Amino acid sequence: MRENVSLKPFNTFGLEAGAKYFEEINNEDEVLNLLHQERFGAMPLLILGGGSNVLFTQDFDGLVLLNRLKGIKILNETDSEILLEVASGEVWHDFVLHAVKNGWSGIENLSLIPGTVGAAPMQNIGAYGVEVKNVIEQVRYLVLDTLQIETLNAAACEFGYRESVFKHDLKGKVFILSVQFRLSKGAFIPQISYGAIQETLAEKQITNPSIQEVSEAVIAIRQSKLPDPAVLGNSGSFFKNPEIPEAQFNELKKKFETLPSYPTTPGFVKIPAGWLIEHAGWKGKRVGETGSHAKQALVLVNYGNAEGYEVKALAFEIIADIQAKFGIRLSPEVNIF
Ligand code: FAD
Ligand code: NAP
């Protein structure tokens, strides 16, 4: 058991925060044995995967479990689909590449999302018109209070737009151990409704893309647009795209003619938070050691020496400004500790 460990290497924002206790978990027995010990069982716990969706604003006065559970098992396979059980500490993008290489489709649009498999159901990761809920069969987890292992099928996970039961009723209460995915082996139907994918494929004169070509297009777009956390600390999109009632959108559109929108739940529209932040004048703006990224306003960055509380302060300043200018309340997507 390591004590007083810096979490800086374990979060993509590159923020300094200490963990009172810290343990890397490589198999399921380790976590059970550890939590059966009275002193750790009663302590605040934080499960950390790739640290790509967290903002540390203070030291963690408890036990951080760094999830490195590995393994991909085939549970069932037919001509048209494959059912897999994937350990939660597998790197998400490695799993995507494994699927692409084997000709299994369903997650190619989710290429290059940082982090672990176990965190994917947390916020129902999504990109380019695909959400991971489309391919999740069930989630298996350890209940931290009782140390019992339970499973939830996809319907019970209450997946929504960057949401799930793991961010609400089960928040901080479970350690996700593995996730079952049902991927397709049948005829490939590419999901290429997003303009950026269409443009990238058109540039390469690809009209009937393979799974690999969609994955490569997504990787190329992401590499050209998003700051690499290894170079500039960040946690991806800091805010969720707000969904507002159609009536409110129609009123706003009278004042802001170019305000974009996308369909979502009936009666509501989805507004790109990046557009709001940019049009409120925050895009590329630096505030001390933090700021909004110059190419993607939705991404808050650490220029090198930011403190977590500074990033949080900037985020809340942006929230207040967007509320004042557009009457829309942004919610952070990143988990703030
Ligand atoms: P962490 O940051 O380690 O943890 C996130 C939360 O989940 C924490 O609350 C943690 O306690 C909890 N948690 C993690 N693992 C477990 C577990 N096994 N059991 C229980 N709780 C757990 N997200 C998208 O949805 N779409 C994107 O396109 C996208 N692009 C990104 C691009 C960049 C450059 C970056 C930095 C981030 C991006 N993200 C995106 C956000 C992030 O990558 C995802 O949310 C990812 O799933 C987080 O995984 P992680 O392992 O790093 O989670
Ligand atoms: P973008 O193409 O600049 O578009 C801005 C927003 O508009 C996106 O967030 C997207 O919402 C929405 N949008 C664009 N085209 C759409 C369409 N055809 N149908 C429905 N909604 C559409 O976005 P971007 O920032 O470069 O990101 C591209 C994709 O990667 C998005 O899906 C985004 O969610 C994902 N991404 C996520 C993170 C993260 O940390 N969560 C970081 C980087 C990229 P959606 O977000 O709902 O898709």
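Which side chain has an N or O atom 2.8 Å from an oxygen atom of ligand 2? Keep that in mind while you get your bearings; the model on your screen is a predicted one.

**Stop 1: the three domains**

Start by colouring the protein chain in three parts: domain 1 (2-67), domain 2 (72-184) and domain 3 (233-336). Now look at domain 1 and domain 3 together. Their centres, taken over C-alpha atoms, are 30 Å apart. The contact between them involves 12 residues from domain 1 and 18 residues from domain 3.

How much area do domain 1 and domain 3 bury between them? The answer is about 1100 Å², with 52% of it on carbon and sulfur atoms. On the domain 1 side, select Phe13, Asn53 and Leu55: these lose the most area to domain 3, and together they account for 57% of what that side buries. Keep Asn53 highlighted, as you will need it again at the next stop.

**Stop 2: ligand 1**

Zoom in on ligand 1 and show the residues around it. There are 32 of them, and the closest are Ile47, Gly49, Ser52, Thr116 and Arg222. Let us visit a few contacts one at a time.

- Select Ile47: one of its backbone N or O atoms is 2.7 Å from an oxygen atom of ligand 1.
- A backbone N or O atom of Asn53 lies 2.8 Å from an oxygen atom of ligand 1.
- Next, pick Arg222, where a polar side-chain atom sits 2.6 Å from a nitrogen atom of ligand 1.

How much of ligand 1 does the protein bury? Alone, ligand 1 exposes 980 Å², and 93% of that is buried by the protein.

Switch to a cartoon view to see where this shell comes from. Strand E3 (45-48), strand E8 (126-127), strand E12 (174-184) and strand E13 (233-237) each give at least two residues to it. If you colour the shell of ligand 1 by class, you will find 15 nonpolar, 15 polar and 2 charged residues.

**Stop 3: ligand 2**

Move on to ligand 2, and to the opening question. The side chain you were looking for belongs to Asn241: one of its N or O atoms is 2.8 Å from an oxygen atom of ligand 2. Select Tyr262 next, whose side chain has an N or O atom 3.5 Å from a nitrogen atom of ligand 2. Then try Gln296, with a polar side-chain atom 2.4 Å from an oxygen atom of ligand 2. On its own, ligand 2 has 790 Å² of accessible area, and the protein covers 79% of this.

Which elements give two or more residues to the shell around ligand 2? They are strand E8, helix H5 (211-225) and strand E13. The shell around ligand 2 has 18 residues, and Arg162, Tyr194, Lys270, Gln296 and Glu333 come nearest. By class, this shell holds 7 nonpolar, 6 polar and 5 charged residues. With your domain colours still on, notice that domain 2 and domain 3 each supply at least three residues to the shell of ligand 2.

**Stop 4: Arg140**

Find strand E10 (residues 136-143) and select Arg140 within it. The side chain of Arg140 makes a polar contact of 2.8 Å with the side chain of Glu28. Beyond its neighbours within four places in sequence, Arg140 touches several residues, among them Glu28, Glu85, Phe175 and Leu177.

**Stop 5: two loop residues**

Most residues other than glycine have a negative phi. Your last two selections have a positive one. Glu158, with a phi of about 50°, lies in the loop between strand E11 (149-153) and E12. Gln205, with a phi of about 55°, is in the loop between helix H4 (195-203) and H5.

Key
Residues are numbered from 1 along each chain as its sequence is written. Chains are lettered from A and ligands numbered from 1 in the order in which they are written. This is a predicted model: local features need pLDDT of at least 70, side-chain atom pairs count only at pLDDT 80 or more; totals for chains, interfaces and linings use all residues. Side-chain values use heavy atoms; hydrogens and water are left out. A residue is near a molecule or strand if one of its heavy atoms lies within 4 Å of it. A polar contact is a pair of N or O atoms within 3.5 Å; within protein, one must be able to donate a hydrogen and the other to accept it, and residues adjacent in sequence count only if both atoms are side-chain atoms. Accessible areas come from the Shrake-Rupley method with a 1.4 Å probe; for residues, only the protein chains shown count as cover. Helices (H or I, at least four residues) and strands (E, at least two) are DSSP runs, numbered from the N terminus. Ala, Val, Leu, Ile, Met, Phe, Trp, Tyr, Cys and Pro count as nonpolar, Asp, Glu, Lys and Arg as charged, and the others, Gly among them, as polar. Domain bounds come from an automatic or database domain assignment. Contact means heavy atoms within 4.5 Å. Buried area is the accessible area (1.4 Å probe) that two parts lose on being put together, summed over both.
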